[in-house]
Amino acid sequence: KKIVTIVLFLVACFQANAQFNFLNAYASAESCTGAANGSICWTLTGGTSPYFINILGTTTPNSFTCANNLSAMTYTIVATDATSASTSTVVVVGTN
């Protein structure tokens, strides 16, 4: 019975972490080419806080935040939670 209990516990934890993802992530475009004033904002759902966000090689703790002063390009945002589960999304900052 102990083995069955442990297996069920591990499955339950895996299922909870599988729901960890970006609820949304959106970009605001640069005002003109080369202005580097675009931004990306995101919200996470699921997982176990605290969350850590990595964008452009900088990791910060937060579940809802924005990265500002971005140039027009494609960005990959990686989020990791307290259990080391991770999820990622790709967001494009364009130019107006």
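**Asking how we know: one helix, seven strands**

There are 1 helix and 7 strands in this chain, and what you're looking at is a predicted model. From the N terminus on, the elements run α-β-β-β-β-β-β-β.

Q: Why do F20 and Y51 count as an aromatic pair?
A: Rings pair if their centres lie within 6.5 Å. For F20 and Y51 the distance is 5.4 Å centre to centre, so they make the cut-off. By this rule the count comes to 1 aromatic pair.

Q: What makes the F20 and Y51 pair stacked?
A: Look at the ring planes: the angle between them is 10°. Planes under 30 degrees apart count as stacked, so that's the label this pair gets.

Q: Why can we say that the pair ties together parts that are apart in sequence?
A: Check where each residue sits. F20 is in the loop between α1 (2-18) and β1 (21-28), while Y51 is in the loop between β2 (38-45) and β3 (52-55), so the pair links parts 31 residues apart in sequence.

Q: Are F20 and Y51 buried or exposed?
A: Both F20 and Y51 are buried. That word stands for under 20% relative accessible area.

Q: How do you know that β1 and β2 pair?
A: Count the bridges. Two strands pair if there are at least two bridges between them, and β1 and β2 have 7, in the antiparallel sense. Across from F22 you'll find L44 in β2, and across from A27 there's I40 in β2.

Q: What about β2 and β5: what joins them?
A: 5 bridges do, and these strands run antiparallel. At least two bridges are needed, so β2 and β5 pass as a pair too. One spot to look at is G38, whose bridge partner in β5 is L70.

Q: Why are β1 and β5 called edge strands?
A: The open sheet has 3 strands in the order β1-β2-β5, with antiparallel pairing. β1 and β5 (64-70) each pair on one side only, and that's what puts them at the edges. Neighbouring strands of this sheet are turned by 15° against each other on average, direction ignored.

Q: What makes β2 mostly covered?
A: Of its 8 residues, 7 are buried. For the chain, with its 96 residues, the buried share is 25%.

Terms used:
Residues numbered from 1 in each chain as written. Predicted model: local features only at pLDDT ≥ 70, side-chain atom pairs only at ≥ 80, totals over all residues. Heavy atoms only, no water. Phe/Tyr/Trp six-rings, centres within 6.5 Å; stacked < 30°, edge-to-face > 60°. Helix = DSSP H or I, 4+ residues; strand = E, 2+ residues; numbered from the N terminus. Buried < 20%, exposed > 50% of the residue type's maximum accessible area, 1.4 Å probe, protein only. Axes fitted to C-alpha atoms, helices over the stretch in contact; angles between N-to-C directions.
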